[in-house]
Amino acid sequence: MKELILVVEDNQPNRELLSDWLETKGFEVRAAENLEQAFAVLNAHSPRAVLLDVQLGREDGLTLAAWVRQHPDLRNIPVIAVTAHAMVTDHERVIRAGCSACISKPIDFKQLREQLHVWLTVASVLQHKDGTAS
């Protein structure tokens with residue numbers, strides 16, 4: 001069974017690029033272009049990870065990261081921020097908001113692959129520790 005990744009990105013070309021890349025790596029992808037769609041996917045499915053654009057038009061993507069961390073059934077899902085904001089202080093703000101990692105745009109797909117591997121492994125360990133493994 002393929003692992004499900006939620007891509008939350010308001011820019012269609014970026015959303016398609018991420019989705020296509022993930023599919024070539026063997027993941028199942030659900031895509032959302034705004035927070036409303038992202039919340040709907042999270043409520044209906046259990047993605048193994050979320051790739052989150054920090055700036056979704058006028059919406060703050062970090063709202064989603066904070067929401068995920070507040071829900072016991074979702075809190076171990078890795079949220080990897082994908083952002084055009086590359087300053088160290090921006091990355092620190094993203095991590096404080098509840099993201100597991102932060103990757104700057106343009107996306108370094110080698111770094112993304114490594115971060116997904118690390119955080120999916122961590123999530124799996126946490127899931128087994130919490131006794132929530134399926």
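**Aromatic rings and their helices**

Q: What is the relative accessible area of Phe109?
A: This is a predicted model, in which local features need pLDDT of at least 70 and side-chain atom pairs pLDDT 80 or more, while totals for chains, interfaces and linings use all residues. Residues are numbered from 1 along each chain as its sequence is written, and side-chain values use heavy atoms, without hydrogens and water. Phe109 is partly exposed, a class between buried (under 20% relative accessible area) and exposed (over 50%; 1.4 Å probe, protein chains only). The relative accessible area of Phe109 is 23%.

Q: How many aromatic pairs does a search of the whole structure find?
A: Rings of Phe, Tyr and Trp (its six-membered ring) pair if their centres lie within 6.5 Å. With the whole structure searched, the number of aromatic pairs is 2.

Q: How is the pair of Trp21 and Phe109 classed?
A: The ring centres of Trp21 and Phe109 are 5.1 Å apart, and their planes meet at 40°. Planes under 30 degrees apart count as stacked and over 60 as edge-to-face, so this pair is tilted.

Q: Which helices hold Trp21 and Phe109?
A: Helices are DSSP runs (H or I, at least four residues), numbered from the N terminus. The pair ties together parts that are 88 residues apart in sequence, because Trp21 lies in helix α1 and Phe109 in helix α5.

Q: Is Trp21 buried or exposed?
A: The relative accessibility of Trp21 is 13%. Trp21 therefore counts as buried.

Q: Which helices does the pair of Phe39 and Trp67 link?
A: Phe39 and Trp67 form an edge-to-face pair, 4.8 Å centre to centre with 70° between the planes. These residues are 28 apart in the chain, with Phe39 in helix α2 and Trp67 in helix α3.

Note on methods. Helix = DSSP H or I, 4+ residues; strand = E, 2+ residues; numbered from the N terminus.
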